[in-house]
Amino acid sequence: MKSFQYGDEKISKNQLMLAIPSVILGVDILQLPKDLAVDMDGADGWIVLIVGGAISLFLVWIMTRLALRFPKQTFFSYATSIVSKKVAIVLTFLFAVLFIGLAAFDIRVLGHTSQQYLFDNTPVEVVSLSFLFVVVYAISGSRAALFRLNMMFFPIIITVLLFVLLVNVKWVELSNLMPAFQTDVKGFGGGLKTSVLVYGGYSIVLFYLALVDQPKKASKHMMFGMVTPIVLYLLVYLFSLMIFGRTATSHLLYPTIDLAKRIEIPGGILERVEALFFIVWTMGVFAATIIAFDVAILALNSIFKRMKKIHFVLILSPIVYYLALFPKDISEVNMFGEIIRSAMVAFSSITVVALFLIAKLRKVGGNDNASK
Amino acid sequence: MVRRIFRKTNFQHKENQQKQNTLQSNLDSNIDLTLQKLKKLLDEPNDLVIREIKIGKKSTTSAIIYISGLIDRQLVQDSILVNLQDITTNESAPEENKKLFNQIQQSFISITAVEIGQTMDDIANGILAGKTVFMLDGQEKALLMDTKGGESRSIQQPISETVVRGPRTGFVENLGTNLSLLRRAVQTQDLRFKAHQIGKRSKRSLIVAYVDGIVNPTIADEVNRRIQSIDMDDVQESGFIEQWIEDSFLSPFPQLDNTERSDKAASALMQGKVVILLDGTPFVLIAPVVLGDILKSPEDYYERWLIGTFLRILRYFAAIIALILPALYISLVTIHPGMLPTDLALSIAASREGVPFPPVVEAFLMVITMELLQEAGIRLPTPIGTTIGIVGGLVIGEAAVSAGVVSPIMVIIIGLTAIAAFANPTFSIGITFRIIRFGFMLAASFFGLYGIVLAYIMVNIHLVNLRSFGIPYSTPFSPTFVGDWKDLIVRAPMTMLTERPRFLSPEDLKSAKKGEKN
C-alpha cells in the first residue's frame with residue numbers, strides 16, 4: 001500500500017527534537033531535586049545543572065556533527081568506516097546493552113513509584129510486567145509510530161508539570177534559596193556528577209539521526225531539544241528548594257511528585273492529587289522506556305541485519321524484565337540506575353569524542369565545511 | 001462418490017462455460033433467434049416484457065424489451081412505443097433496414113440517453129439496470145434506452161443525523177438523485193465522478209466523487225485502486241465497500257466516515273476528501289477520516305464560532321466521559337478509596353450498603369443492561385421503543401436500586417455514560433466508544449487508575465499505528481499540523497479558516513483569502 005508523503009517511516013526533525021527531552025526526563029526528574037539537595041548547599045545546584053547541561057549540549061553537538069558527516073548512515077555503518085568493523089560491532093552492542101539497562105531501570109522505578117503513590121499491596125512484579133506488556137505492544141508497531149506517540153504525550157506531560165509548578169507559586173519562599181555559594185568542593189563534585197548523569201540518554205541522537213528526513217538542518221533542532229530538559233530540571237529543582245527547603249527536599253523520596261501534593265482541586269472533588277500527577281507521569285516514563293528500548297533494537301538490528309524486529313522484541317523483553325527486577329530494594333534500584341547512567345554517559349562521551357576526532361584526523365566522511 | 005461430485009461440477013463448469021459464450025457472443029441478425037437466446041438466458045421471467053411491433057413499409061419485425069418493474073411505463077409508452085408505431089404511417093421513413101435503424105435512433109426515439117449494445121451481455125445487463133432495449137430484425141446491434149423508473153423514495157430529512165440548523169436534504173437510495181444532490185451542492189467544473197461497476201453477479205454502479213484540483217491525487221488514486229480490487233458477488237450496502245477497502249479490519253475505529261447528509265458530503269469534497277456513492281443506499285462513504293474528524297459535525301460551521309467551539313469542547317468532554325467514567329468509578333471506589341474526599345467516600349459507601357456485589361460486578365451488570373436496552377430500543381418500532389426506554393430505564397433502574405442490587409450512584413454513572421456516548425455526531429463512533437469502554441473497565445478493575453492510564457496508552461498506540469488511506473490516523477494531533485488545530489477542538493472564526501486541512505496535503509491549500517471581510 002502506498003503510504004502518504006508525511007506518513008512514511010521517516011522521522012521529522014521536530015519529532016526527534018521532542019524525543020530527546022522525553023528520554024532524558026523519564027524517571028530522573030522525579031528525584032533530581034533530592035539528589036542535588038543532598039550534596040549542594042542552598043540553591044547552588046543551579047550552577048551544576050547549567051554546567052552539566054552545557055557539557056551535555058556540547059556532546060549532543062558533537063554527536064550531531066558526527067552523524068551529519070555520514071548522512072543517512074546508521075551508527076554501525078559509519079563507526080565501521082571510521083574504525084574497524086569489529087570495533088563498531090562492540091561499540092554498537094555496548095550501546096544496545098546500556099539502553100536495555102536504561103529501559104529496565106525506567107520500568108523498575110515506575111513499578112516502585114506506583115507502590116508509593118497508588119497501591120501498597122500490588123507486587124512490583126505485576127505492575128512492571130503489565131507496563132512491559134504495553135511497552136512491547138508499542139514497540140511491535142512501526143518505529144515512526146513511537147515518535148508520533150511521544151508527540152501525543154509530550155504536550156500533556158509538560159502542561160501538567162508546568163501546571164503543578166504554577167499552582168505552587170503561592171508557597172514559594174525565596175529565603176530557602178540561601179545560603180548561596182556555600183557548597184564545598186566535594187559537594188560540587190558530587191552535584192556535578194549527579195547533574196551530568198541525569199542528562200544521560202541523549203545518545204539516541206546517534207542512532208535516530210540516520211532516520212530523519214532532512215538531517216542537514218537538524219542540528220538546531222537537536223540543540224533545542226537538549227535545552228528543554230535543562231530548563232525543566234532547573235525549574236523543578238528551584239521550585240522544590242523554594243517550597244520544601246533544602247533539608248526537607250533531601251529527605252523526600254520523590255520531591256517532584258510531592259510538589260503535586262499541594263494542589264487542592266476547588267470543591268474538593270478529589271484528594272491526593274499527587275496520585276493523578278503520577279498517573280500522568282506514567283506516560284512520560286512510558287515514552288522514555290519505549291525510546292530506550294527501541295534504540296537498543298535499532299542498534300542490534302544494524303548488527304544482525306537478517307533478524308526481524310519482532311524477534312528482537314521477543315528476545316529482549318524477558319531480559320528487560322529480569323534486569324528490572326534484579327535490584328532487591330530501593331537503594332539497589334538507585335545503585336543500578338547510577339551504574340547504568342554513569343556507564344551510559346562515560347561510554348557515549350568517550351566513544352563519540354574519540355570517533356569524531358578519528359574521523360577528522362583520517363578525513364573520513366563528508367568534508368567539514370559542508371556540515372556547517 | 002467423490003468422482004460423481006467431480007463429474008457434476010465438471011458438468012456445471014461446462015454449463016457455465018456455455019452461458020459465458022452466449023453472453024460474449026454478438027447479436028444475431030435474426031431477431032427471433034436473439035429473443036430466444038435472451039429468454040433462455042433470463043429463464044423467461046414473468047416480468048420480462050417483449051413487445052413485438054411490425055414497422056416500416058416492409059413490416060419488419062422489431063421488438064422492445066424491458067422488465068416491467070424497473071422502467072417508467074409512461075415514458076416508454078410516450079417516447080418510444082407511440083413514435084415507433086408512427087413509422088408505419090410516416091412517409092419519410094426509409095425502406096432499407098440499416099437506414100431505418102439509424103433513423104429510429106436519431107429521429108424517432110425521444111429518450112435522452114441512448115446507447116448501442118453489441119453483445120448479449122450488454123442487453124441482458126441493460127435490461128436488468130432498467131433500460132429498454134430496441135431491436136430490429138436484420139441488425140446485429142440494439143438500442144439501449146435509459147428509461148429507469150419504478151418506485152423510489154423522495155428526498156427527506158435524514159433520520160440518522162438530524163441537525164437543528166442546516167439543509168434538510170438527505171441522500172436517497174437512487175444513485176442518480178444522489179449525484180444530482182452533490183452536483184447542486186458543489187457547483188464547480190472540477191467535480192469529478194469516476195464510475196465503477198462492482199459485483200460479479202449482481203452489478204451495481206458506484207461513483208467515486210472528488211474535486212479535481214483540490215484532492216491530493218494520491219488519495220483519489222488509492223481509493224480507485226482499492227475499489228477496483230473489490231471482488232464480491234453482490235455489494236448490498238456501502239458498508240460492504242467500507243469493510244473491503246478499509247486499512248485495518250481489526251480496529252474498532254472507523255477508517256471511513258459515512259453520512260446521509262448531502263451537505264456533509266459536499267463539505268468533505270471541498271476539503272479535499274473523496275466521497276464514495278453506491279447505488280441502492282442513502283449512506284455515502286467519506287475517505288479518508290482521521291481522529292480529529294470523528295467528533296466534528298456540519299452544524300459546527302453553521303452556528304457562530306463561539307457556539308461551534310463550545311459544542312466541540314462539549315463533545316470531547318462527552319467522549320472522555322463515555323470512555324472512562326465507569327472505569328473511573330470502579331477504580332476510585334475499589335482500588336483508591338483514599339482519593340475521594342471523606343464526605344463523598346462516606347456517601348458512596350452509605351449508598352452501596354446492602355449491595356451484594358463488588359463495584360466491578362455492579363458496573364458490568366449495569367453497563368451490559370444499558371447496552372441491551374439500547375439495542376432493543378433500536379430494533380423495535382418507535383412507539384414500542386419508547387415504552388422499552390421507559391420500562392427499561394426507569395422501572396428496571398428504580399427497581400434495581402430499591403431491591404438493593406445496585407447502588408443509586410451506579411445508576412447515575414451509567415445514565416451519564418450512556419447520554420455521553422450519544423453526544424457525538426456519528427452513530428458508528430458511539431459504538432466504538434462503547435466497545436473501548438469495556439476495555440477501560442477491565443483495566444480499571446485490575447489496576448485502578450494505573451490500569452486506566454495503561455489502557456489509554458494502548459488506545460494511543462493503536463491510533464498512532466492506524467492509517468486511513470495511507471494517512472496516519474492520529475493526525476493532526478501527531479504528526480502535528482498546528483495550522484489544522486484552528487478547526488479541531490476549537491472551531492476558529494470563519495474568517496480565520498482560510499486553509500483546507502493540511503494533513504490531506506490538498507493541491508490547493510487556500511480556501512479563502514486571509515483577513516478579507518465583506
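In this predicted model, Ile319(A) is found in helix α14 of chain A. How exposed is Ile319(A)? Its relative accessible area is 38%, and because this value falls between the 20% limit for buried residues and the 50% limit for exposed ones, Ile319(A) counts as partly exposed. Ile319(A) also belongs to a nonpolar patch on the surface, together with Phe93(A), Val97(A), Phe304(A), Met307(A) and Ile315(A). Taken together, the residues of this patch have about 500 Å² of accessible area. Two elements of chain A, α5 (85-117) and α14 (309-325), each give two or more residues to the patch.

In soluble globular proteins, nonpolar side chains tend to be buried together. The largest nonpolar core of this model holds 191 residues. Which of them touch the most other members? These are Leu16(A), Phe99(A), Ile204(A), Phe286(A) and Tyr450(B). Helix α13 of chain A, spanning residues 273-303, gives the most to this core, with 20 residues. Another core, of 26 residues, lies apart from the largest one, and among its members are Ile276(B), Leu278(B), Ile471(B) and Phe503(B).

Asn460(B) is found in helix α16 of chain B, which covers residues 427-465. Is Asn460(B) buried or exposed? With a relative accessible area of 5%, Asn460(B) is buried, because buried means under 20%. Its contacts reach into chain A: Asn460(B) touches Leu149(A), Met152(A) and Phe153(A), again not counting residues up to four places away in sequence.

The last stop is a group of strands in chain B. Strand β5 (residues 142-146) of chain B has 4 of its 5 residues buried, so it is largely enclosed by the rest of the structure. Which strands pair with β5(B)? Strand β3 (residues 114-117) of chain B pairs with β5(B) in the antiparallel sense over 4 bridges, and Val114(B) has Met145(B) as its bridge partner in β5(B). Strand β4 (residues 131-136) of chain B also runs antiparallel to β5(B), joined by 5 bridges; here Phe134(B) is partnered with Leu143(B). β4(B) and β5(B) form a hairpin with 5 residues between them. In the turn of this hairpin, Gly138(B) has a positive phi of about 90°.

Technical notes:
Residues numbered from 1 in each chain as written. Chains lettered and ligands numbered in written order. Predicted model: local features only at pLDDT ≥ 70, side-chain atom pairs only at ≥ 80, totals over all residues. Heavy atoms only, no water. Core = buried A, V, L, I, M, F, W, Y, C linked by side-chain atoms within 4.5 Å. Buried < 20%, exposed > 50% of the residue type's maximum accessible area, 1.4 Å probe, protein only. Pairing = 2+ DSSP bridges. Patch = residues over 30% accessible without salt bridge, like charges linked within 9 Å, V, L, I, M, F, W, Y side chains within 5 Å. Areas by Shrake-Rupley, 256 points an atom, 1.4 Å probe, with all protein chains shown as cover. Salt bridge = Lys/Arg side-chain N within 4 Å of Asp/Glu carboxyl O. Contact = heavy atoms within 4.5 Å.
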